[in-house]
Amino acid sequence: MDKLFTKRDINDFAIITLGLLIYAFAWAIFLLPYQITTGGTAGIGAIIYYAVGFPMQYTYLIINAFLIFLALKVLGLRFTIRTGYAILMLSLFLEVSQEFVQNYVQADVYKTLVDGARVPLILGEGQEFMATLLGSSMCGFALGVVFNANGSTGGTDIVAACVNKYRDISLGNVILIFDLCIISSCYFVFHSWQRVIFGIVALSVTSFVIDYVVNRRQSSVQFFIMSKEYAKIADRINMEMHRGVTVLQGTGWYTKNGVEILMVVASRRQSREIFHLIKEIDPKAFITQSSVIGAYGEGFKTIKN
């Protein structure tokens with residue numbers, strides 16, 4: 001089991017690293033050169049960078065150093081370790097990607113930022129809206145990849161993951177709500193509502209792509225699990241996944257023996273974790289998974305009149 005757990009963690013960390021790399025280059029290529037702001041601690045770091053030239057990766061690292069304690073208390077050690085890794089690696093990638101773009105990416109037009117950095121405008125001048133769409137789409141995809149590997153990039157992602165753990169609310173919508181105040185504050189730097197609109201567009205696109213990648217429109221899944229280790233599986237799903245488990249009594253018609261069947265309804269983003277959990281306990285378990293059009297009640301959507 002330890003060997004399987006190690007392989008699983010290595011795979012997750014590799015996926016998280018890939019997502020972070022995409023996220024950093026989205027900023028370095030599209031968002032920072034065109035001075036586009038998004039939400040989260042990265043957005044706060046960008047606003048400070050546009051205003052006084054203090055590197056955004058340092059602001060991002062400082063703020064998340066405080067928020068990481070929230071993740072440890074609420075989300076547990078495993079999530080906190082992955083989040084801490086993501087924070088450190090993203091801080092490094094943000095610096096490396098900016099250096100790479102400044103030194104190796106060629107363009108016909110360049111722009112000098114507040115700290116004196118000379119950055120290429122690969123889309124040309126006056127292409128802020130296109131840069132917003134491309135950059136925010138890459139950021140949303142990257143964040144979705146990180147969330148799928150049970151990681152987080154910190155900041156409002158930690159808050160969103162905390163809310164999502166106890167309420168079946170879209171991660172993208174939670175991030176969008178918390179980030180509106182951050183994006184609006186860029187007006188005090190540029191004194192332009194156009195920049196605020198670009199930021200709102202970036203937030204909306206990022207949130208939509210996160211939802212598509214992570215939740216596939218927030219659908220739920222239903223599991224039927226048959227295993228001799230049903231009690232251990234039920235306990236771990238209940239304790240670790242915070243999902244209810246119903247034990248049904250069945251009969252195997254070929255053997256005429258009684259069998260216990262576990263029924264579990266969970267969000268789609270938890271299905272991967274449930275499969276790993278079952279495999280650790282009983283690799284020979286029989287499992288069926290099906291999509292659920294609607295799931296209502298505690299932990300899911302509220303029944304509306």
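## Second largest pocket

The second largest pocket has a volume of about 240 Å³. In this predicted model, local features need pLDDT of at least 70 and side-chain atom pairs count only at pLDDT 80 or more, while totals for chains, interfaces and linings use all residues. Residues are numbered from 1 along each chain as its sequence is written, and side-chain values use heavy atoms, with hydrogens and water left out.

Lining this pocket are Met226, Ser227, Lys228, Gly258, Val259, Glu260, Asp282, Lys284, Ala285 and Phe286. Strand S5 (residues 257-267) supplies the largest share of the lining, three residues. A pocket here is an open set of points on a 1 Å grid over the protein atoms alone, with protein on both sides within 12 Å along at least five of seven lines; a cavity is a set where a 1.4 Å probe fits but cannot get out, and lining residues have an atom within 4 Å of a point. Points are joined across faces, edges and corners, and a volume is the space filled by probe spheres set on them.

## Cavities

Two cavities of 30 Å³ or more are found in a search of the whole structure. The second largest cavity holds about 60 Å³ of space. Its lining consists of Ala28, Leu32, Pro33, Tyr49, Gln98, Val101, Gln102, Leu113 and Val119. Helix H3 gives the most to this lining, with three residues.

## Salt bridges

The structure holds four salt bridges, each defined as a side-chain nitrogen of Lys or Arg within 4 Å of a carboxyl oxygen of Asp or Glu. One of them pairs Lys232 with Glu229, with the closest N and O atoms 3.7 Å apart. Lys232 is exposed at 52% relative accessible area, whereas Glu229 is partly exposed at 29%. Buried means under 20% relative accessible area, exposed over 50%, and partly exposed in between (1.4 Å probe, protein chains only).

Arg236 and Glu240 form another salt bridge, at 2.9 Å between the closest N and O atoms. Both lie in helix H9 (residues 230-240), four residues apart, about one turn of the helix. Glu240 is partly exposed at 42%, and Arg236 is partly exposed at 21%. Arg236 also meets Glu280 in a salt bridge (3.2 Å, N to O). Arg236 is in H9 and Glu280 in helix H10 (residues 271-281), so this pair ties together parts that are 44 residues apart in sequence. Glu280 counts as buried, at 12% relative accessibility. Through shared partners, Arg236, Glu240 and Glu280 are joined into one network.

## Nonpolar patch

Ile48, Val52, Phe54, Tyr58, Ile62 and Phe66 make a nonpolar surface patch of about 600 Å². Helix H2 (40-52) and helix H3 (56-104) are the elements that give two or more residues to the patch, and H3 gives the most, with three. Phe54 is in the loop between H2 and H3 and is partly exposed, at 36% relative accessible area. Patches are made of residues with over 30% relative accessible area and no salt bridge; like charges are joined within 9 Å and nonpolar side chains (Val, Leu, Ile, Met, Phe, Trp, Tyr) within 5 Å.

## Whole chain

The chain has ten helices and six strands, taken as DSSP runs numbered from the N terminus (helices H or I, at least four residues; strands E, at least two). Of its 305 residues, 47% count as buried. The chain exposes about 15,600 Å², and carbon and sulfur atoms supply 63% of it; areas come from the Shrake-Rupley method with a 1.4 Å probe, and for residues only the protein chains shown count as cover. Among contacts (heavy atoms within 4.5 Å) between residues at least 6 apart in sequence, 70% join residues at least 24 apart.
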